[in-house]
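The structure is shown first, and the description follows.

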Amino acid sequence: MVSNKCCVNGCHESSKTKFGVPIKDIAAWEKSLGTQLTSVSRVCAKHFKSSDIINTWVSGNGNNKYSICLKRPRLKTGAVPTNIIYTDYEKVSYRRYCERVHEVIIKDESLFDSVLSQFGSITLPKGWFFDISIVNNFPVAITFFTLNKFNNCSQRYLEKQLILSKGIILCNFCKKLVTLKDNNGTNISTAKRIRQYLSPQKEKVLNRLQWSKRILKIKYCRTKSRFDELKKKMSECKMEMSKINSSTLENIILKSNIPECQANLIQEIFIASKVKCSKQNRYSNNWLLLCLLFNIRSPNGYRFLRTQNILPLPSINTIRKYLLAIKNECGFDMNFFKLLKKKMSNKNQYNQKGILLSDEIFLRTSISVNSQSLTYTGLEDFGGELPNKGKEKADHGLVIMWQSLTENFTQPVAVFASKGPMPTKLVIKAIMLLEDAGTEVIGLKTDGATTNRTMWNNLGISGKKKSLNKYFLNPYDEKRKVFVFSDAPHLLKTIRNRLHDKNQLKIHHSKSFIKREYFYKLFKIEENNLGKVCPKITKNHVILSNITKMKVNNSVAVGLHFYRDREPDIFKDSVETEQFTLMLNSLFDAMNRKFPKEGIKRNSHDLEVLNEGKQWLDSWESNYDDGNITANEFLTQQTAEGLRVTIQSYIDITLYLLDECNFSYVLTSKMNQDNLEKFFGVIRQIAGPNDHPPTPTFLQLYRMLNIYSLLKPPKNGNWKVDEENKSILDIIDLKELMNDTSVRKEKVKKLKQKIDILIEEGDKDPEDIFLEHDYTKSTVFKSVVYYLGG
C-alpha cells in the first residue's frame with residue numbers, strides 16, 4: 001500500500017506535494033537521505049530545491065510563449081533530495097510533535113522520599129535537567145531528562161528521561177489537564193481564559209460547529225416567536241368560535257360560496273364540538289345520507305375515519321338501521337319503487353327513457369337465517385311472484401336492471417334466487433312497475449344464452465329470415481313497442497368461438513374459406529418483428545381460454561392485407577378472412593358508440609353499416625339454405641337468429657329515438673349489457689376471492705349496491721338537464737320505511753302461539769318442529785371433510 005507520509009527521518013511537517021522514487025535513481029536517493037527506500041516510498045517537496053520542481057508547462061517562444069500551471073508538480077530529471085528542509089517551496093507550520101523517548105520509570109516511595117529530602121545536595125551531570133511534578137501542593141514525581149540537538153525547525157525534543165515517583169506517574173499533558181481543572185480553565189496570574197490551540201484543520205471544524213450552533217439558535221428564536229404568535233392567534237380564534245352560534249355560521253357559509261357537501265361537514269364539526277359526549281350527537285339528514293353512501297363505498301375507510309376521530313361520523317349500527325330499510329328478500333320491493341318514483345319525477349322526458357337488462361350470476365348454494373323476517377335465505381325464491389318448485393337451494397341469482405339511454409344512471413330493480421332461467425312473467429311485471437314509477441321502457445336486453453331463447457319465444461320474438469319479429473307491445477301502453485336484442489359483445493364472441501371450433505367458415509361456395517390459421521400466422525410473424533403492423537395482437541387473441549377477453553381490432557385486417565402483398569405464399573387466399581374481419585369490426589363499432597362526437601345521427605354512416613351487416617348475414621344464410629355450404633361452414637342457428645334480431649332492433653330503436661323522440665344523436669353503447677356485468681364484477685370483488693359468492697352474501701351485497709345507486713345522483717350524462725328546485729332522495733324517505741315492522745311482528749306472534757300450544761300439549765319433542773327441513777343434518781363423509789379441513 002502506498003504511504004502518504006514522507007519517508008525521511010525527522011520530517012514531521014511534510015508538504016502536501018510528495019514525489020515517488022524513480023527506479024533508476026533509487027541508489028542515489030538512498031545515499032543522499034541515508035535511509036532505505038522502496039517502490040512505494042514518498043519524499044515531500046521540502047527536501048528538494050525549488051529549481052528542481054517543475055510547476056508549469058511552457059510552450060512557444062517570445063510573444064507566442066504560453067505557460068500552464070500543472071495540477072501535479074513533477075521533478076526535473078536527475079533531481080536528488082537531501083535531509084535539509086527547504087522552506088522556500090512551502091511555508092512551514094510549526095506544530096508540536098512527540099518523538100519516541102528512551103525512559104526509565106522507578107516506583108519506590110522510600111527512595112522518592114530519600115531523594116526529595118537530599119535534593120538540594122544532588123549534582124546533575126552535564127546536559128541533564130530535572131522537573132518536579134506537584135499535584136494538590138504535594139510532589140508526586142521527580143523527572144531527570146536530557147534534550148537532543150536543535151533540528152532544522154529550531155526545535156528540541158526529549159531524548160532520555162528517568163522518572164522517580166511514589167506510584168502515580170503523570171505525563172506533561174496530564175499535568176496541563178490537571179492544572180486546567182484546578183484553575184477552572186483560567187490563568188492564575190492573569191485570571192484570563194486560557195486559549196486552546198488547535199490545528200488548522202480542527203480549528204475549521206470548530207468554527208463550522210460554532211457557526212451551525214449560531215444559526216440553530218437564530219432559527220430557534222424565530223420559530224419560538226412564530227409559535228407564540230400562532231398560539232396567540234389560535235386562542236383568539238377559539239374565543240371567536242365560542243361566540244359563534246348556528247345562525248352566524250350559516251351566514252358565514254353562505255358568504256363563502258363553498259360546496260354544499262363541505263358546508264354540511266363544517267356544520268357537523270361545529271355541532272360535534274359543542275357536544276360533550278359523542279353519544280349525544282345528532283346528525284342532519286344530509287350528513288346521514290353522505291355517511292350512508294360513504295360506508296357502502298368504503299367500509300374500511302369509514303371505520304378508519306371514525307376510530308381516529310377525523311370526522312364526526314355516526315356509528316356502524318346507525319348506518320345498518322338505514323340499510324335495513326330496503327328488504328333483503330327476493331322479488332319486487334314496493335318500498336324501493338316508491339323511492340324510484342320520487343327520483344324519476346324530477347327527470348325530463350329524455351332521461352326517463354331506458355332499456356331493461358336481464359342476466360344471471362352463478363352462486364354457491366348456502367343457507368342462512370334472516371332474523372329480521374324469521375325466514376331462510378338461500379332457498380329458491382321468486383318473492384311470491386311464482387310458486388316455488390320446492391325447498392331447493394338456489395344456485396343462480398337473477399337480476400333485472402334498468403339503464404337510462406341519455407345519462408350514466410343504472411338501477412337494479414329486482415333480484416331472484418333460482419335454479420333455472422328468468423321466467424317471462426317476471427320481466428313483464430318489471431316493465432309494468434317501472435312504467436308506473438315514471439320510466440319508459442323501450443328495449444329488453446339479454447345475453448345469447450339458450451335459456452333466454454325460451455323467453456323470446458314466449459314474447460313472440462323470432463329471428464328467422466322469413467318471419468322476423470324483433471319487438472313486442474308494451475304491456476303498460478300498447479301504443480309503444482319494446483324492442484328485444486341480444487348483447488352485441490356476446491354475439492360477436494359466439495361468432496369468434498364458432499370460427500375457433502371449426503377452424504374455417506365459408507360465406508359463398510365460389511369464394512375462399514375464412515380460416516383461423518391466418519390469424520395465427522399473422523401473430524407468429526408479428527411476434528418476431530420489431531416494426532409491427534398489428535402491435536396489439538397477442539397470444540391470447542389466437543389461443544383462447546375460459547378467461548380470455550374478446551377484442552375487435554381493425555389492425556388485423558390491415559395486417560392481413562399488408563403481409564399478403566409481401567408473403568403471397570402464406571396469405572394467398574386471405575381476402576375473405578380480411579373482409580370477414582372488417583365486417584365484424586364495423587358492426588361492433590356501430591353497436592358500441594360511446595361518445596357524443598361519434599353518436600349515430602339520421603344521416604350517419606353507422607346506419608348503412610347495420611343495414612349492410614343484415615344483408616351480409618341474410619346472404620350467408622341463403623347460401624346455407626340452398627345447400628351451397630355445409631352446416632359446419634355457417635353459424636349456429638341460435639347465433640344467426642340472435643344477430644339478425646339484434647341488428648334490426650338497433651336500426652329500429654335508433655330511428656325511433658331520432659324521429660319520434662327528437663334525440664340529437666344516439667349512443668348505442670347505452671344498449672349494451674356492460675353495466676350489468678360490471679355490477680356482477682363488483683359483487684364478486686367484494687365477496688372475496690370467489691367467483692361464485694354464496695346466495696345470502698349475494699343478496700346482502702345486492703341490497704347495499706341497490707341503495708347506493710338509488711341515492712347517489714349521476715355526475716354527468718349524455719343529456720344536460722337544466723331544472724330549478726330539483727329535489728333528491730332524502731334520508732327521511734328511508735326513515736319512513738324503517739317504521740314498517742308489521743311482517744316481523746306478525747311472524748313473531750304466530751311463533752309465540754305455536755310455542756304456547758306445544759307447552760300446553762307437552763307430547764312433542766323439539767326435533768318434531770324442524771322435520772320440514774333437514775339442512776342441519778350432514779353425512780359422515782361431510783363431517784370428516786369438515787374436521788380435516790379445520
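## Salt bridges and a mixed sheet

At a relative accessibility of 1%, Arg644 counts as buried. The model that contains this residue is predicted. Arg644 is bridged to Glu621, with the closest N and O atoms 2.1 Å apart. Because Glu621 belongs to helix 18 and Arg644 to helix 19 (residues 637-659), the pair ties together parts that are 23 residues apart in sequence. Glu621 is likewise buried, its relative accessible area being 5%. Through salt bridges that share partners, Lys614, Asp618, Glu621 and Arg644 are joined into one network.

Lys614 and Asp618 are both buried.

The whole structure holds 21 salt bridges. Another of them links Arg480 and Asp477, whose closest N and O atoms are 3.4 Å apart. Which side of this pair is buried and which is partly exposed? Arg480 is buried, with a relative accessible area of 15%, which falls under the 20% limit for that class. Asp477, at 26%, is partly exposed.

| Salt bridge | N to O distance |
|---|---|
| Glu621 and Arg644 | 2.1 Å |
| Arg480 and Asp477 | 3.4 Å |

Six strands make up an open sheet with mixed pairing, in the order 13-12-9-14-16-15. Why does one side of strand 13 and of strand 15 lack a neighbour in the sheet? Strand 13 (410-418) and strand 15 (471-473) stand at the edges and each has a single partner strand, so one side of each is left without a neighbour. From one strand to the next, the twist averages 25°.

At the edge formed by strand 13, the pairing with strand 12 (residues 396-404) is antiparallel and extends over eight bridges. In this pairing, Gln403 stands opposite Thr410 of strand 13. Helix 10 (residues 334-344) lies across strand 12 and strand 13, and its direction is at about 165° to strand 13.

Terms used
Residues are numbered from 1 along each chain as its sequence is written. This is a predicted model: local features need pLDDT of at least 70, side-chain atom pairs count only at pLDDT 80 or more; totals for chains, interfaces and linings use all residues. Side-chain values use heavy atoms; hydrogens and water are left out. A salt bridge is a side-chain nitrogen of Lys or Arg within 4 Å of a carboxyl oxygen of Asp or Glu. Buried means under 20% relative accessible area, exposed over 50%, partly exposed in between (1.4 Å probe, protein chains only). Helices (H or I, at least four residues) and strands (E, at least two) are DSSP runs, numbered from the N terminus. Two strands pair if DSSP finds at least two bridges between them. Axes are lines fitted to C-alpha atoms, for helices over the stretch in contact, and angles run from 0 to 180 degrees between N-to-C directions. Contact means heavy atoms within 4.5 Å.
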